[in-house]
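Colleague: Please walk me through this model. I would like to learn how to read its features one by one.

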Amino acid sequence: MNSLSLTAAGGGGAVHVNGATAHPTFQGCMIRNSTSFSFYGGGGLRVQSSGHATVYDTTIMGCTAPANGAGVSMSYGSDAASGTFTRCHFVENVATGTGSGGGMSVEGAGVVIVRNSSFVRNKGESVRAFVAIVASCFC
């Protein structure tokens, strides 16, 4: 997807990548003001169950979730999600409740690579406000 602007207010956030055959690429996109009502987070983008997202030159801002990863939630378990984020901006995303990782949460056995990206004014109500990493991450 190129030059796409996504805004959502429904459950699950703006984008949900799920399963081994799910491998979208986002370039030059804006994901903003979306909300996940899911315990698994991912107000802007949620990647799970062997899904992989490749994201370039994209801004994820103003997203909220009641759990980890208001901007992006990468999860979980043995069928872990993976992703590559290059020149992305995570701005003013808020994980409420017991959530951590306002900008991004990485949980499970997947590999997430973050390059030349910024995390600005993200907030998590738990101990890890900006980025929560409970797995492999190459930043």
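**Reading the model**

Modeller: Start with S49, which lies in the loop between strand 5 (45-48) and strand 6 (52-56). Strands are DSSP runs (E, at least two residues), numbered from the N terminus. This is a predicted model: local features need pLDDT of at least 70, side-chain atom pairs count only at pLDDT 80 or more, and totals for chains, interfaces and linings use all residues. Residues are numbered from 1 along each chain as its sequence is written, and side-chain values use heavy atoms, with hydrogens and water left out.

Colleague: Which side chain does the side chain of S49 contact?

Modeller: A polar contact is a pair of N or O atoms within 3.5 Å; within protein, one must be able to donate a hydrogen and the other to accept it, and residues adjacent in sequence count only if both atoms are side-chain atoms. Here the partner is the side chain of Q48, at 3.4 Å.

Colleague: Now the core. Which residues of the largest nonpolar core touch the most other members?

Modeller: A nonpolar core is a set of buried Ala, Val, Leu, Ile, Met, Phe, Trp, Tyr and Cys residues joined through side-chain atoms within 4.5 Å. The largest one has 22 residues, and L45, V72, M74, F85 and M104 touch the most other members. Strand 2 (15-18), strand 5, strand 6, strand 9 (72-74) and strand 13 (104-115) each supply at least two residues. Strand 13 gives the largest share, four residues.

Colleague: What does V72 touch?

Modeller: Contact means heavy atoms within 4.5 Å. Not counting residues up to four places away in sequence, V72 touches L45, I60, F85, F90, G103, M104 and S105.

Colleague: How many aromatic pairs does the structure hold?

Modeller: A ring pair is described by the distance of the centres and the angle of the planes. Rings of Phe, Tyr and Trp (its six-membered ring) pair if their centres lie within 6.5 Å; planes under 30 degrees apart count as stacked, over 60 as edge-to-face and the rest as tilted. The structure holds two such pairs. F90 and F119 are stacked, 4.5 Å centre to centre with 5° between the planes. F90 sits in strand 11 (residues 89-91) and F119 in strand 14 (residues 118-120), 29 residues apart. F90 is buried at 0%, whereas F119 is partly exposed at 27%. Ring pairs link F85, F90 and F119 into a cluster.

Colleague: How many salt bridges are found?

Modeller: Side chains of opposite charge can pair when their charged atoms come close. A salt bridge is a side-chain nitrogen of Lys or Arg within 4 Å of a carboxyl oxygen of Asp or Glu. The whole structure has two. D57 pairs with R87, the closest N and O atoms being 2.7 Å apart. D57 is partly exposed at 31%, and R87 is partly exposed at 40%. R121 pairs with E92 at 2.9 Å between the closest N and O atoms.

Colleague: Where does N93 lie, and what does its side chain reach?

Modeller: N93 lies in the loop between strand 11 and strand 12. N93 is buried, at 0%. Its side chain reaches the backbone oxygen of I60 at 3.0 Å and the backbone nitrogen of C63 at 2.9 Å.

Notes:
Buried means under 20% relative accessible area, exposed over 50%, partly exposed in between (1.4 Å probe, protein chains only).
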